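Have a look at the picture first, then read on.

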Amino acid sequence: MSDPRDELVEHLGPMRAFAMSLTRNSALADDMVQDALVKAWTNIDKFQPGTNMRAWLFTILRNTYYSHHRKARREVSDTDGELAASLAKKPDHDGRLQMRDFHVAFDKLPDEQREALVLVGAGGFSYEEAAETCGVAVGTIKSRVNRARARLVELMHLDEDQVLETTDAVTAGIVSANKSVA
Amino acid sequence: MTRAKRTSSVENTIDENLKRAFEDVASEPLPSRFTDLLEQLKTSGTADGANSESDDNT
């Protein structure tokens, strides 16, 4: 049997992505991943081989977030003006407004909805895995995901006509939100 | 009557983009701080890290 610790490295990329979606800040996200990695390494005996390691790691990661980093994120979020300024400097582009809109909308989601949406919508987690990771019932995850989507649509005043031009802006918005603070 | 359909296509778009953004970050090369840290963990706690300084909380 191989040492499950050897597998940790494979999950670091997705852990960084999940951490960034929670913190929206690459420096904080990487601090969080580092804490979680050390915790996972030292508590590897608590991992049950054969179960979903990614879900286990994400659970550690989100506990780290809620116990240490959420407060820091709030403090960093105060630098929103800086971010808006950096976006405004970008060359004029149709997606610009929507990129900012998406960024603002995504940030407005409660943590619980944002993590549910990211796990299920982006992380490839089943509702069951997400429920386990977040320590809530499957129905709760479903309703959080639905509410998150509905709220994004509402906040961005999306309708079908805008979907196409929003596509790239949304992607860039999530990614650049992290980069710009690094 | 097409409202539900429209909403779901918008929602798919949101998911697709979230997914793409997630993959983008997930597939970035790992910063060296993580590969260094893994090396460090490997060499320091050869047995089973249980004796390394405890995690103060939880």
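Predicted model: local features only at pLDDT ≥ 70, side-chain atom pairs only at ≥ 80, totals over all residues.

Residues are numbered from 1 along each chain as its sequence is written, while chains are lettered from A and ligands numbered from 1 in the order in which they are written.

**The two chains**

Chain A has nine helices and zero strands, and chain B has two helices and zero strands. Here helices (H or I, at least four residues) and strands (E, at least two) are DSSP runs, numbered from the N terminus. How much of each chain is buried? In chain A, 42% of the 182 residues count as buried, and in chain B buried residues make up 12% of 58. A residue is buried if 20 or more other C-beta atoms lie within 10 Å of its own, exposed if 12 or fewer, and partly exposed in between, with C-beta atoms placed from the backbone.

Two residues are in contact if their C-beta atoms, placed from the backbone, lie within 7 Å. Take the contacts in chain A between residues at least 6 apart in sequence: 71% of them join residues at least 24 apart.

**Two domains in chain A**

Chain A splits into domain 1 (1-78) and domain 2 (79-176), with bounds from an automatic or database domain assignment. Their contact takes 14 residues from domain 1 of chain A and 11 residues from domain 2 of chain A. On the domain 1 side, α1 (8-23) and α3 (53-77) of chain A each supply at least two residues, and α3(A) gives the largest share, seven residues. That side divides into six nonpolar, four polar and four charged residues. Ala, Val, Leu, Ile, Met, Phe, Trp, Tyr, Cys and Pro count as nonpolar, Asp, Glu, Lys and Arg as charged, and the others, Gly among them, as polar.

A:Arg24 sits in the loop between α1 and α2 (26-42) of chain A. Its phi is near 60°, a positive value in a residue other than glycine. Is A:Arg24 buried or exposed? A:Arg24 counts as buried because it has 21 C-beta neighbours inside 10 Å.

Two packed helices are described by the angle between their axes and the distance between the axes. Axes are lines fitted to C-alpha atoms, for helices over the stretch in contact, and angles run from 0 to 180 degrees between N-to-C directions.

| Helix pair | Axis distance | Angle |
|---|---|---|
| α6(A) (111-122) and α7(A) (127-134) | within 9 Å | roughly 140° |
| α7(A) and α8(A) (138-156) | within 8 Å | roughly 100° |
| α6(A) and α8(A) | 8 Å | about 100° |

Angles under 35 degrees count as roughly parallel, over 145 as roughly antiparallel, 65 to 115 as roughly perpendicular and the rest as oblique. So α6(A) and α7(A) are oblique to each other, whereas α7(A) and α8(A) are roughly perpendicular.

Who touches whom? In α6(A), A:Glu115, A:Ala116, A:Leu119 and A:Val120 meet A:Tyr127, A:Ala130, A:Thr133 and A:Cys134 in α7(A). These residues divide into six nonpolar, one polar and one charged.
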